[in-house]
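This report looks at selected charged side chains and at one pair of helices. Please have the sequence and the model at hand.

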Amino acid sequence: MAVCRAQSSPAPLDSLTARKIEVLARTKLNVPTEYQISIGGRESSTMPGYDTVKVTFSLPGHPDHTQSLNFLLSKDGNTLARLSEWDISKNPAEMVPYAGRPLRGNPDAKVVLVNYDDLECPYCARLHAELFPETLDHYKGLIKIVYRDLPLEEIHPWALHAAIDANCLAAQNDKPYWTYVDYLHTHGEDITGPDRNLDKSKALLDKLAIEEGATAHLDPVKLSACVKAQDETAIRAEIKQAEGLGIEQTPTLFVNGEEMQGALDTSTLWTIIDRALVSEGVTPPPVPKTTTPAASPSAPAAGAKPGGTR
């Protein structure tokens, strides 16, 4: 039978111990002089030989500038420690969802690269050039790659529209989605145009998506309706999910849950992928004796359709 138990009150600290904790906290954490520090009493902890002490930092007159941290205080009062608890109950590779997204590589691969991508982002274009085709070719079926959408609208005005059009293609077939993404990441300046006219950019994005759908023999009625509707619902959900993971920039890449932000050189990227493979019991392929940085794919002639080379 469940019972209610009265909680014991924290045991007050003596003034000298409280003072030592305050001085140490100010010194080690570089607390600004104007902040006040209050020290709570001892409470039982799960760490043998230690109690928990709550230390609260506050700025007088600014109630929104208050933060409390739990410290560990040894039973003899001579050692103060701070311990962070991290949840490791989940498989890191499953912490970033990617089900239902277009996939490139081996669907059965044990290592997945999940990239939060902005189709107007030049740094994303650079990472894209390094991922394809060199990295996929190097690992030959040992990895799979998935893109999630994170268009940064405030700095990339046509990125959201491009993501919607790309997903209209993906709704019917992964292949034209990737062809479209390949094209945009090598022709960003062409989409923006010399006069930076957003309406023209959006019209061109729609035209390219419809043409790619025709090349891939997609249902033209469904594709046209999707492109015309410009439904932002799915992309907004992607953005919200990214925010929930604390992602604020693109590209942000996860390799079996290990996070990297910004453009990566091929050597660093492969080191991270190798580490993930080893953790899965898979032997990474040997690194070529002589490697050169991945070059951006050569751009087709102006006005070319997004099909063709990968």
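Predicted model: local features only at pLDDT ≥ 70, side-chain atom pairs only at ≥ 80, totals over all residues.

D117 belongs to strand β6, residues 111–117. Leaving aside residues up to four places away in sequence, D117 has contacts that include Y147, R148, D149, H185 and T250.

## Salt bridges

The structure has 14 salt bridges. One of them joins E238 to R148, with the closest N and O atoms 2.3 Å apart. This pair links distant parts of the chain, since E238 is in helix α8 and R148 is in strand β7, 90 residues apart. E238 counts as buried because its relative accessibility is 8%, and R148 counts as buried at 6%.

Within helix α2 (residues 122–139), E130 and R126 are four residues apart, about one turn of the helix. Their side chains form a salt bridge at 3.7 Å, N to O. E130 is buried, at 6% relative accessibility, whereas R126 is partly exposed, at 42%.

## Two helices side by side

The axes of helix α3 (residues 159–170) and helix α6 (residues 198–215) come within 10 Å and cross at roughly 10°. The two helices are therefore roughly parallel to each other, and their crossing is right-handed. In α3, the residues H161, A162, D165 and L169 meet K202, L205, D206, A209, E212 and G213 of α6.

Definitions and conventions
Residues numbered from 1 in each chain as written. Heavy atoms only, no water. Contact = heavy atoms within 4.5 Å. Axes fitted to C-alpha atoms, helices over the stretch in contact; angles between N-to-C directions. Parallel < 35°, antiparallel > 145°, perpendicular 65-115°, else oblique. Left-handed = near helix turned anticlockwise from the far one by under 90°. Salt bridge = Lys/Arg side-chain N within 4 Å of Asp/Glu carboxyl O. Buried < 20%, exposed > 50% of the residue type's maximum accessible area, 1.4 Å probe, protein only.
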